Amino acid sequence: QVQLVESGGGLVQAGGSLRLSCAVSGRTFMGWFRQAPGKEREFVAAISWSGGNTYYSDSVKGRFTISRDNAKNTVYLQMNSLKPEDTAVYYCAARLGFSTTYNRPDGYDYWGQGTQVTVSS
């Protein structure tokens with residue numbers, strides 16, 4: 001059983017930065033998703049077990065960075081140049097092994113509880 005615990009959300013002004021963390025047990029391929037009120041859950045970023053392969057949605061590419069420290073069993077999402085439209089509940093997700101559906105919620109087997117990120121204008 002893979003367990004995920006997120007932290008690091010909060011309130012920040014537009015243009016600011018936040019770093020989300022996800023503590024994860026197990027050898028996993030990891031993703032970050034977000035869901036704004038009234039919208040579907042959308043892909044943000046993903047990273048392979050080794051950290052050698054990363055994937056981003058077009059909306060965050062160049063502003064967000066996903067990384068992991070396997071010695072600490074933690075995956076990070078560094079979010080810079082935040083915009084009000086980045087406001088959402090952010091979820092980390094895990095699966096055992098790579099999948100071509102890494103950018104879809106149904107491509108993951110395990111989910112964290114979510115952490116709120118609010119960007120004020």
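**View 1. Glu42 and Arg34 form a salt bridge in this predicted model.** Glu42 counts as partly exposed because its relative accessibility is 34%, whereas Arg34, at 5% relative accessibility, counts as buried. Their side chains meet with 2.6 Å between N and O, and the pair belongs to the five salt bridges that the structure holds.

**View 2. Asp86 and Arg63 form a salt bridge between two loops.** The closest N and O atoms of Asp86 and Arg63 are 2.8 Å apart. Because Asp86 lies in the loop between β8 and β9 and Arg63 in the loop between β6 and β7, the pair ties together parts that are 23 residues apart in sequence. Asp86 is buried, with 1% relative accessibility, and Arg63 is buried as well, at 12%.

**View 3. Asp106 forms a salt bridge with Arg104.** Here the closest N and O atoms are 2.6 Å apart; Asp106 is exposed, with a relative accessible area of 54%, while Arg104 counts as partly exposed at 41%. Elsewhere, salt bridges that share partners join Arg34, Glu42, Arg63 and Asp86 into one network.

**View 4. Tyr90 belongs to the largest nonpolar core.** Of the 25 residues in this core, Met30, Trp32, Leu77, Met79 and Tyr90 touch the most other members. The residues that Tyr90 touches include Glu6, Trp32, Leu77 and Met79.

Technical notes. Residues are numbered from 1 along each chain as its sequence is written. This is a predicted model: local features need pLDDT of at least 70, side-chain atom pairs count only at pLDDT 80 or more; totals for chains, interfaces and linings use all residues. Side-chain values use heavy atoms; hydrogens and water are left out. A nonpolar core is a set of buried Ala, Val, Leu, Ile, Met, Phe, Trp, Tyr and Cys residues joined through side-chain atoms within 4.5 Å. Buried means under 20% relative accessible area, exposed over 50%, partly exposed in between (1.4 Å probe, protein chains only). Contact means heavy atoms within 4.5 Å. A salt bridge is a side-chain nitrogen of Lys or Arg within 4 Å of a carboxyl oxygen of Asp or Glu. Helices (H or I, at least four residues) and strands (E, at least two) are DSSP runs, numbered from the N terminus. Lists of a residue's contacts leave out its neighbours within four places in sequence.
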